[in-house]
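Good morning, and thank you for the time.

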Amino acid sequence: MITGESRPIGKRSGDQVVAGTVNGSGALSVRVTRIGEETALAGIMRLVAEAQASKSRAQAIADRTAMVLTYIAIGAGILTTFAWLLTDRGGDFVAERAVTVVVIACPHALGFAVPLVIAISTTFAARNGLLVRNRLALEKARDLDVVVFDKTGTLTLGELGVAGVAADDQGAEEHVLAVAAGLEQRSEHPLGRAIVGEASSRGVKPSAVTDFEALKGRGVRARVDGYAAYVGGPRLLETLGVRADGRVAERATAWSSEGRTVVHVVQDNRVVGAIALADVIRPESRAAVQRLKETGVRVAMITGDSEDVANAVARELGLDEHFAQVLPEQKADRVKELQSRGLRVAMVGDGVNDAPALAQADVGIAIGVGTDVAIETADVVLARSDPRDAMRVVGLSKASYRKMVQNLAWAAGYNVVAIPLAAGVLASLGLVLAPAVGALLMSASTVVVALNAQLLRRDPNLVGRLP
């Protein structure tokens, strides 16, 4: 949760640990060296506060436009009054023209133009699992240049899973998995749980074992069908004096180069297979990356994991860019780096270590099952752990903005035509508007804006992206 690494990191006596991380198994005694404002979490919260304070809070365009139109309405009314006073028209006619101008120019439609769209879009989004906490950030999402995903827990499941099984020429993958699952059934280690889970999902029955023994720092051993069997990493092979050959060795070497954890299965002093374990990529991640790239948005990834692990995930998902071995306080710096290139950045994350980057980004998007710190920092919260919803945020922003522009164009355009008519520019042709007609037209413009905003619910692009 703090470091962003997907694999357990071994610690020895004297090593530094961080509060908030998870102790996989065994007892742990620690000496507290920092408290209060000196802790890692307090440092992260300071970064969040700094990033939030630096964000601009621009006023909504509708407010500015409505204010300008108010001045225009008053000014047009005064100008109309003086213009007709210079003619031989009576006072009643002059007053009627001035009142009609002020009534017809009333900025009701402009007042509704944007807030109505915002209300409808945010309500519609909430029903589809997108919780908007900052509407100004939502408006920015339409202009994004790059979406940066945290890896662990966002693009991946955040838990180890079996990425591959290799067997030697004399055996089958099912046999390797059965032996490994049999030995790991009693293990509390994340690697062991992943192997047992994979066997269960494949319908492979774990082998019956006897004389089970845990080998500290190396793996486990037991007897299977009368033979001594072992499951463990490279240190186990060194201890036993055996090595993998042929297909198993090739696959193990390839997996190691991709940053995956490799454990070997040894039976009767012979390496019969190997199993690769890695942070499992979410099934939805590929579609999320593809959809964003199709719309011209670059996709990047930030992770605290090693370069090998990051390279493997980036290659598999087809990412444009990635940053590996990034500490919590450095994630916000990576976002700043992208912004310094003139890019508008969205950050998608779920952990405490993502909070500074979420605050720094132009649009911060938190996975709903993430930590409270991340959720409180984000502009938009995804109720589902589905990275495809990041694309839905962009779609919602574009659809909402389109409706806002349409409403503002109608509300402003209507006044361009209506105010001169109300002022009586066509009075010489016998065409004048009574105050009651002006009020009716003003109300009609408000109705048109409201109806157009309601059509947002039927936007085919929006509905298609928010199933």
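The buried residues of helix 7 are V176, L177, A178, V179, A180, A181, G182, L183 and E184, where buried means under 20% relative accessible area, exposed means over 50% and partly exposed lies in between, with a 1.4 Å probe and protein chains only. Nine of the 12 residues in helix 7 are therefore buried, so this helix is largely enclosed by the rest of the structure. Helix 7 covers residues 173-184 and reaches 16 Å from its first C-alpha to its last, close to the 16 Å expected at 1.5 Å a residue. The expected span is 1.5 Å times one less than the number of residues. Helices (H or I, at least four residues) and strands (E, at least two) are DSSP runs, numbered from the N terminus.

Before I continue, the basis of these values. This is a predicted model, in which local features need pLDDT of at least 70 and side-chain atom pairs count only at pLDDT 80 or more, while totals for chains, interfaces and linings use all residues. Residues are numbered from 1 along each chain as its sequence is written, and side-chain values use heavy atoms, with hydrogens and water left out.

As to the whole chain, there are 18 helices and 13 strands. Of its 467 residues, 47% count as buried. Among contacts with a separation of 6 or more, 67% come from residues 24 or more positions apart; contact means heavy atoms within 4.5 Å.

I turn now to charged side chains. How many salt bridges does a search of the whole structure find? The search finds 22, a salt bridge being a side-chain nitrogen of Lys or Arg within 4 Å of a carboxyl oxygen of Asp or Glu.

R202 and E198 form a salt bridge at 2.9 Å, N to O. Both residues belong to helix 8 (residues 190-202) and lie four residues apart, about one turn of the helix. An α-helix has 3.6 residues a turn, so residues three or four places apart point the same way. E198 is buried, at 17% relative accessible area, whereas R202 is partly exposed, at 37%.

E258 forms a salt bridge with R260, with the closest N and O atoms 3.4 Å apart. E258 is partly exposed, with a relative accessible area of 23%. The side chain of E316 also meets R260 in a salt bridge, at 3.9 Å, N to O. E316 lies in helix 12 (residues 307-317) and R260 in the loop between helix 10 (246-257) and strand 7 (261-267), so this pair ties together parts that are 56 residues apart in sequence. E316 is partly exposed, its relative accessible area being 39%. Elsewhere, salt bridges that share partners join R384, D386, R388, D389 and R392 into one network.

A charge is also found over a ring. R142 lies over the face of Y401, at 3.5 Å from the ring centre; the criterion is NZ of Lys or CZ of Arg within 6 Å of the ring centre and within 35 degrees of the ring normal.

Which residues does A378 contact, leaving aside neighbours within four places in sequence? They are R133, G364, I365 and A366. A378 sits in the loop between helix 15 (372-377) and strand 13 (380-382), and is buried, with a relative accessible area of 1%. The C-alpha atoms of A378 and A137 are separated by 9.7 Å, although these residues are 241 residues apart along the chain.

Finally, the backbone. Strand 4 (residues 210-215) and strand 5 (residues 219-224) pair in the antiparallel sense over four bridges; two strands pair if DSSP finds at least two bridges between them. T210 has R223 of strand 5 as its bridge partner. The two strands form a hairpin with three residues between them, and G217 in the turn has a positive phi of about 75 degrees.

Most residues other than glycine have a negative phi, and most peptide bonds are trans. D268 has a positive phi, near 55 degrees, and is not a glycine. N269, likewise not a glycine, has a positive phi of about 60 degrees. D268 lies in the loop between strand 7 and strand 8 (270-281), and N269 is placed in the loop between strand 7 and strand 8. D268 counts as partly exposed at 47% relative accessibility, whereas N269 counts as exposed at 56%.
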